[in-house]
Every structure is written in structure tokens, then in C-alpha cells.
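Student: I have a new structure open and would like to learn how to read it. Could you walk me through the features one at a time?

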Amino acid sequence: MALGDNIKRMREEHSLTQQQLADKLYVSRQTVCRWENGSRCPDLIMAKRLAVELDVSLDELISDEDLKEFTKNQLPFHSDIVKRRKELEEKQKRIMEFIQLVAGIFLAVTVFCRVQLEIRIPVWCIILALCAEIAAFAVRYRISRQLDQLY
């Protein structure tokens, strides 16, 4: 049963016309008519006022018997897509932390060697660090593309 059907049924149980209910809620009769036929829905505050006026809980007013048949796994926030997206976002976060760590360590070692030890950093060290950074950025880019496909 839809919200509009609930409003109409409860209004009729209280022997109210659409105009009488509209007057009590300070809205037009057309507004109540639109709620009942499903072309519009009351906002949350108006739904609460409507529930109070019809002497029911907000849950009773908006409940839909069809929802009782759903299981948690059928709800959108439990879908595989959302789980996959969370996994990818976590991987992306770990990769960015790795990139920051490698860059920080390399910078610290470079500065220490140049300032304290007056040693030039060998080219192979720079190439190795650069390769690690490029690989991490490539993996991050690939995960970003996968995330874009899920949105």
C-alpha cells in the first residue's frame, strides 16, 4: 500500500473530507488530493503533522506492506557494487599512503645524504624511487577508472 493510499484510508477512517484535512494542516484541498493520488508527497515536517492529525505514527503513515518482504541483502546499501566500491576506495587510500611514504623517505634520505654526509645520491636510487612512484600512480589511476565505472 502506498503513502497516498494510507493517507486516504486514514482520512476516511477519521471521517474527514479532503477539505477538512487540508484546513487542519493549513494546505489546499488540491495538495491533499495530490498526496492521495501519488502525484506529490508531503515533506518530512508535513508528514509528521499529517501523522499527528490522523493519530498514527509516522511509520504507520508511510509504511508499505511490500517493504516487509525485503531482506537486508536486497537493499541498495548492501549491494555488491557498493561493497566493491568501498574495497576499491580502501585500496586507493592505501596506495596514496604508500606514495606519500616512499616520497617522504626518499626526500629525507636525499637531504640527509646531501647535507650531512655530503654524498651525491646515485642515479640508480633516483630511478628506483621514481619507478616505485610511477607504479603506484599507475595502480591508483587504474583503481580510479574502476571506481568511475561503478558510479
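Tutor: Gladly! Buried means under 20% relative accessible area, exposed over 50%, and partly exposed in between, with a 1.4 Å probe and protein chains only. Before we go on, note that this is a predicted model, where local features need pLDDT of at least 70, side-chain atom pairs count only at pLDDT 80 or more, and totals for chains, interfaces and linings use all residues. Residues are numbered from 1 along each chain as its sequence is written, and side-chain values use heavy atoms, with hydrogens and water left out.

Student: Which residue does the side chain of Arg84 meet in a salt bridge?

Tutor: Side chains of opposite charge can pair when their charged atoms come close. A salt bridge here is a side-chain nitrogen of Lys or Arg within 4 Å of a carboxyl oxygen of Asp or Glu. Arg84 meets Glu87 this way, at 3.9 Å from N to O. Because they are 3 residues apart in helix 6, about one helical turn separates Arg84 and Glu87. Glu87 is partly exposed too, at 45% relative accessibility.

Student: How many salt bridges does the structure hold?

Tutor: There are 5. Another one joins the side chains of Arg9 and Glu13 (3.1 Å, N to O); these residues are 4 apart in helix 1, so about one helical turn lies between them. Arg9 is partly exposed at 32%, while Glu13 is exposed at 53% relative accessible area.

Student: Where do Arg11 and Glu36 lie?

Tutor: Arg11 lies in helix 1 and Glu36 in helix 3, so this pair ties together parts that are 25 residues apart in sequence. Their salt bridge has its closest N and O atoms 2.5 Å apart. Arg11 is buried, at 8% relative accessibility, and Glu36 is buried as well, with a relative accessible area of 9%. Arg11 and Glu36 also belong to a salt-bridge network with Glu12.

Student: How many helices and strands are in the protein chain?

Tutor: Helices (H or I, at least four residues) and strands (E, at least two) are DSSP runs, numbered from the N terminus. By that rule the chain has 7 helices and 0 strands. Of its 151 residues, 26% are buried.

Student: What do the buried residues of helix 6 pack against?

Tutor: Contact means heavy atoms within 4.5 Å. The buried residues of helix 6 pack against helix 7 (123–150), and in turn helix 6 is part of what covers the buried residues of helix 7. Take Gln92, found in helix 6: Gln92 is buried, with a relative accessible area of 16%. Not counting residues up to four places away in sequence, Gln92 touches Arg140, Ile143, Ser144 and Leu147. Among the buried residues of helix 7 are Ile143, Ser144 and Leu147.

Student: What does UniProt list for "transmembrane region"?

Tutor: UniProt positions are given in the numbering used here, feature names are shortened, and annotations may be inferred rather than shown by experiment. The unreviewed UniProt entry lists residues 95–115 and 121–141. In the model, residues 95–115 are 100% helix and 0% strand, with end C-alpha atoms 30 Å apart. Residues 121–141 are 90% helix and 0% strand, and their end C-alpha atoms lie 29 Å apart.

Student: Which residues of the largest nonpolar core touch the most other members?

Tutor: A nonpolar core is a set of buried Ala, Val, Leu, Ile, Met, Phe, Trp, Tyr and Cys residues joined through side-chain atoms within 4.5 Å. In the largest, of 16 residues, Leu21, Trp35, Leu50, Leu54 and Leu61 touch the most other members. Helix 1 (3–13), helix 2 (18–25), helix 3 (29–37) and helix 4 (44–53) each give two or more residues to this core. Apart from it lies another core, of 6 residues, including Leu88, Ile95, Ala136 and Ile143.
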